[in-house]
Amino acid sequence: MIEVKQLHPLFAGEVTGVDLRNSVDPGTIREIVAASDKYAVLIFPGQAIDDEQQMAFSRLLGPLETTVRALRKDHKPRLDLHVSDISNLDEKNRVMEREDRRRMNGLANRLWHTDSSFKKTPAKYSLLSARVIPPEGGETEFADLRAAYDALPEKKKAELEGLIAEHSIVYSRSTIGFADYSAEERAGLQTVPQLIVRRHPGSGRKTLYLASHAHEIRGMPTPEARVLLRDLIEHATQRQFVHTHRWRVGDLVIWDDRCTMHRAREYDLSHPRDMHRTTVSDVASTLEQAGAEGRAQVA
Ligand code: OGA
Ligand code: MN
C-alpha cells in the first residue's frame, strides 16, 4: 500500500511506499491513479531513476508522447525520443549559451501552462524527474484548476460552459518574443481547439482547462477572448490555488495535465538544472471526450 501525505489544503500529495525503479504491480498502479485523481499532483521523493526506468514506469500509466522535435535538426538531442529535455544543458552537457535557441524556447515554461494542450490529443500525465538541481530557485508551481473552477461565481460557470479555446505553441512563444520558427515548423504546429471547461474523468469534478497556449475563443472577438483568458488564468493562479514544489535530487513528480497548470520559476542560469520529463497521452481531444460523455449521458 502506498502512503499519501497531503501537502496543500486543496491538492498535492507526497507518496511513499513504492520503489519506481522496479516494475510496479497493477494494484499499486491503481492506487497511484486513485491518488492522482484525488490530489492531481503527486511527489515521489527519493526515486533515483534513469530514463529507461522512467519510461517503463510511465508506460504503465498509458502511451507516451514523443517529444516535439520542432526545433531545428541542427543539434543532436541528448535524450530518447520519449523523454523531454527540461534542462539548460547542450548535447555535451554544458550549460547553454545565453542566446541558445533551445534555452530561449525553454524559457516559455515560466508561463502558466498545461502540457501539450496545443496537440489535438493533449497530455494526461507529465512525469518530471530531478537529476541535477540548482542551489536555489528553479521551483515548479502548480495550480489546482478544479478548485479554481469551483470558486467561480455560478453566472461565470454558465458563461464558460461549452466555450472552445484555440491553443497554439507558436502563440505562447510569441508572447515572450520567441518567433524563431521556419515556415515548415509553423505548418506543423497548427492551432488546436480545446474546451475551457471539462469534466475530469477520474474524479467526476469539473475543471478549467487553461494554458499560455490559448489565444482565441470561437465566436468571440479576439480582444474579448484574450482578456477573458487572462482573467481566468489570473483567477486560477491566486495563491490559495497554488502549491510550490521545491525540488530535491531524486524527486519524481507526476501531475495531471487535465486539471492543473504549472510553471517553472527563475534560477541562476549559470548553474545546471537537469530534469527529464515523460508525458502520457490523453485518450482524445477535450471536444471528443465531451462528445463521448454527452452521448453516454443520453444513452
Ligand atoms: C515541464 C515544465 C517546469 C519546470 O516539464 O513540462 O513545464 O519547473 N517544467 O521545469
Ligand atoms: Mn510544462
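At 16% relative accessibility, aspartate 51 counts as buried, where buried means under 20% relative accessible area, exposed means over 50%, and partly exposed lies in between, with a 1.4 Å probe and protein chains only. This is a predicted model in which local features need pLDDT of at least 70 and side-chain atom pairs count only at pLDDT 80 or more, while totals for chains, interfaces and linings use all residues. Residues are numbered from 1 along each chain as its sequence is written, chains are lettered from A and ligands numbered from 1 in the order in which they are written, and side-chain values use heavy atoms, with hydrogens and water left out.

**Salt bridges**

- The structure holds 28 salt bridges, each being a side-chain nitrogen of Lys or Arg within 4 Å of a carboxyl oxygen of Asp or Glu.
- Aspartate 51 is the partner of arginine 131 in one of these salt bridges, the closest N and O atoms being 3.0 Å apart.
- This pair links distant parts of the chain, since arginine 131 belongs to strand β5 and aspartate 51 to helix α2 (residues 51–59), 80 residues apart; helices (H or I, at least four residues) and strands (E, at least two) are DSSP runs, numbered from the N terminus.
- Arginine 131, for its part, is partly exposed, with a relative accessible area of 21%.
- A salt bridge also joins glutamate 159 to lysine 156, at 3.1 Å from N to O; because they are three residues apart in helix α5 (residues 154–160), glutamate 159 and lysine 156 are separated by about one helical turn.
- Glutamate 159 is partly exposed, with a relative accessible area of 40%, and lysine 156 is partly exposed as well, with a value of 26%.
- Through salt bridges that share partners, Glu141, Arg239, Arg263 and Arg265 are joined into one network.

**Manganese site**

- The manganese ion (ligand 2) is coordinated by His113 (NE2), Asp115 (OD) and His262 (NE2), at 2.1 to 2.2 Å; donors are N, O and S atoms within 2.8 Å of the metal (3.2 Å for Na, K and Ca), and water is not among the atoms, so sites may look incomplete.
- Along the chain, the donors of the manganese ion (ligand 2) follow the spacing H-x1-D-x146-H.
- Histidine 113 lies in the loop between α3 (101–106) and β5 (123–132), whereas histidine 262 lies in strand β14 (residues 260–264), so the pair ties together parts that are 149 residues apart in sequence.
- Histidine 113 is buried, with a relative accessible area of 4%, and histidine 262 is buried, with a relative accessible area of 5%.
- Aspartate 115, which counts as buried at 4% relative accessibility, also forms a salt bridge with arginine 277, the closest N and O atoms being 3.5 Å apart.
- Arginine 277 is itself buried, with a relative accessible area of 12%.

**Nonpolar cores**

- The largest nonpolar core has 26 residues, and those with the most contacts inside it are Leu160, Ile196, Leu208, Leu210, Ile217 and Met261; such a core is a set of buried Ala, Val, Leu, Ile, Met, Phe, Trp, Tyr and Cys residues joined through side-chain atoms within 4.5 Å.
- At least two residues of this core are supplied by each of α4 (145–150), β11 (214–217) and α8 (222–236), and α8 gives the most, with six residues.
- A second, separate core of 23 residues includes Ile2, Leu42, Leu64 and Leu252.
- Leaving aside its neighbours within four places in sequence, leucine 160 is in contact with Leu152, Val197, Leu208, Leu228 and Leu232, contact meaning heavy atoms within 4.5 Å.

**Three-stranded sheet**

- An open sheet of three strands has the order β8-β7-β11, with antiparallel pairing; two strands pair if DSSP finds at least two bridges between them.
- Its edge strands are β8 (192–195) and β11, each of which pairs on one side only.
- Strand β7 (residues 164–167) pairs with β11 in the antiparallel sense over three bridges, and glutamate 166 stands opposite glutamate 216 in β11.

**Glycine 138**

- Glycine 138 lies in the loop between β5 and β6 (140–144) and is buried, with a relative accessible area of 2%.
- Leaving aside its neighbours within four places in sequence, glycine 138 is in contact with Trp247, Arg265, Glu266, Tyr267 and Arg273.
- Glycine 138 and histidine 200 are 62 residues apart in sequence and 29 Å apart in space, C-alpha to C-alpha.
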